Amino acid sequence: MGDRVSVLVVGAGLAGLSSAMFLAQRGVDVLLVERRSGTSPFPRAVGQNQRTMELLGFGGVADAVRACGPAATGFRVRIAASLRGPAFKEAVHDDVVADAGALSPAVWGMAGQDKAEPVLRQRAEELGAQLRFGIELVSFAEDATGLTAVLRERGGELTTEVRADYLVAADGARSGVREALGVNRHGPGGLSHNINMIFDADLSELIDHERPTLHIVRNGQVAGVFAPVDTVNGRHLFSTSYDPDKGQSPADFTPGRCTELIRTLTELPELEVRIRAVQPWEMAAAVADRFRVGRVLLAGDAAKVTPPIGGFGGNTAIGDAFDLAWKLAAVLDGSAGPGLLDSYDAERRSIAERVVAESLRLRDTREFSSPGKDTEQVPEQVSEQQKAIELTLGFRYRSDAVLTEDADPADAEDPYEPTGRPGFRAPHVWLRNRDSEQVSTVDLFGRGFVLLSGVTGGFWTDAAKQVAANLGVAVRTHLIGMELTDTDGRFHPRYGIDTSGASLVRPDGVVAWRSAAAPDNPVRTLSHVLTAVLARESEGGASAPRRPKAVASE
């Protein structure tokens, strides 16, 4: 372990591993420490939405993560007294996947956390990140030039010190870093105490192999959630709750008791069951009051915890990681001012508030139908799908890293009808390159800033080169209608610019600013925009970058 790194990441869950990966990809010297001996053996967060797959695509691991799970052909939520019995209610969500190509070039993933984490770990190490398992953070202290962290091998006594410029706290719902900072959380807090059982059994006759199904089981003897983990090898998960106020505890869930519950929910009294793991966990809903305290940034469950319904927890953890990675990298190489990190709190905390509220709403909606009702489609199915899509693809950021052009109070929009306004995700539009290959606008993002214009906007290329040279900020320019062809005529209306206007897209694929038409002075305008978005000093006082930034025009 080196005694000096740019970023220290604490925790090797989805947030920590993806933070290390995205940071290393940007050339940042990063060290990750994790008190456990390895990655999670539990599936826990299952499924990657299109936004997450876009980000994982930027990191070069989308295909590998997708290959870890079944094909995403749709999914179903089924509420019944048992796996075998008729459904009280059922919601089929095939349209979300069927219409996916209209929203993004990315394809949904269905990998469990136990499969996704090793992919992230391998990629982070390939990119040069240092990952140390069995190492725990003892303490940390910030000063004017960085922070000092005290580490030790778990179970040992010998400690070492590491200096870092920044610390990413991805150490889970009971984050010791957050507690050490004195950051409070708001929200309902603990909702229930639960037990996850991972087990192997032959349930092939009860499993829908074509469509992943979440079974919500309720009867007089057992209540909980069942989901297949690995249908090929017969591995499954059942989660149920217990009540400490009634004297119940995780110790009650012996292998025999777990087997009894599984046989009851399957209505197979002679079923052979092999219990692989039993894990207690608490369902909770809470958001940290602050996501940034000086040189420390909270990510993933350390920043917010949410009920698993809706699948927002793991997806937003990866979203946190990408957002803080590009911003930390920009601050560390001098192309951005430290104030850019304030936008991490403003942007990601607002997302956390929204996903926690939606998860609670879904939990209340599905909590759950009473037995005895006829099978019916959940009436709010369409609105639930629409809200989920708005949260993942139609979200809006409001911060100083976005030059908002309107006072519209809406925090989301329909991604099927994108506006291209600053703060929203840059719209997906299919284009053709010079080789007649299909390319999405989304495929152009993920590295540095991208400036998109039309056939009469060639002057933007020269403006971007001049501004990039002055500020040391990489800006890639693309002229739509020149090297990339808009065969369907959708680019300009979706981005809200004419053929001489421009849209500036951040590394995370979010529109930072746009000009509907050519401004009087493109160089001055673009210089002002990047100075503001990157929290640079307005009169050229920002420090020079530590390494040269490349500029490319395509």
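Reader: Which residue is the bridge partner of Ile195 in β14?

Author: In β14, Ile195 has Thr240 as its bridge partner. Strands here are DSSP runs of E with at least two residues, numbered from the N terminus, and two of them pair if DSSP finds at least two bridges between them. Before we go on, this is a predicted model, where local features need pLDDT of at least 70, side-chain atom pairs count only at pLDDT 80 or more, and totals for chains, interfaces and linings use all residues. Residues are numbered from 1 along each chain as its sequence is written, and side-chain values use heavy atoms, with hydrogens and water left out.

Reader: In which sense do β11 and β14 pair?

Author: Strands of a sheet pair through backbone hydrogen bonds, either parallel or antiparallel. Here β11 (residues 185-200) and β14 (residues 235-242) pair in the antiparallel sense, over 8 bridges. They belong to an open sheet of 8 strands with mixed pairing, in the order β5-β4-β12-β13-β14-β11-β15-β18. At its edges, β5 (87-92) and β18 (304-305) each pair on one side only.

Reader: Which helix lies across β11, β15 and β18?

Author: That is α9 (residues 342-365), running at about 120 degrees to β15 (274-288). A helix is a DSSP run of H or I with at least four residues. Angles run from 0 to 180 degrees between N-to-C directions, with axes fitted to C-alpha atoms, for helices over the stretch in contact; contact means heavy atoms within 4.5 Å.

Reader: What is the strand order in the open sheet of 4 strands?

Author: The order is β22-β21-β23-β24, again with mixed pairing. Its edge strands, β22 (475-479) and β24 (511-515), each pair on one side only. Neighbouring strands of this sheet are turned by 15 degrees against each other on average, direction ignored. Inside the sheet, β21 (residues 449-453) and β23 (residues 502-505) pair in the antiparallel sense over 4 bridges, and Leu451 stands opposite Leu504 in β23. Helix α11 (residues 459-471) lies across β21, β22, β23 and β24, at about 180 degrees to β22.

Reader: How do I read the packing of α1 and α5?

Author: Two packed helices are described by the angle between their axes and the distance between the axes. The axes of α1 (residues 14-25) and α5 (residues 113-126) come within 9 Å and cross at roughly 25 degrees. That makes α1 roughly parallel to α5, a label for angles under 35 degrees.

Reader: Which residues of α1 and α5 make the contact?

Author: Among them are Leu14, Leu17 and Met21 of α1, with Ala116, Leu120 and Arg121 of α5.

Technical notes: Parallel < 35°, antiparallel > 145°, perpendicular 65-115°, else oblique.
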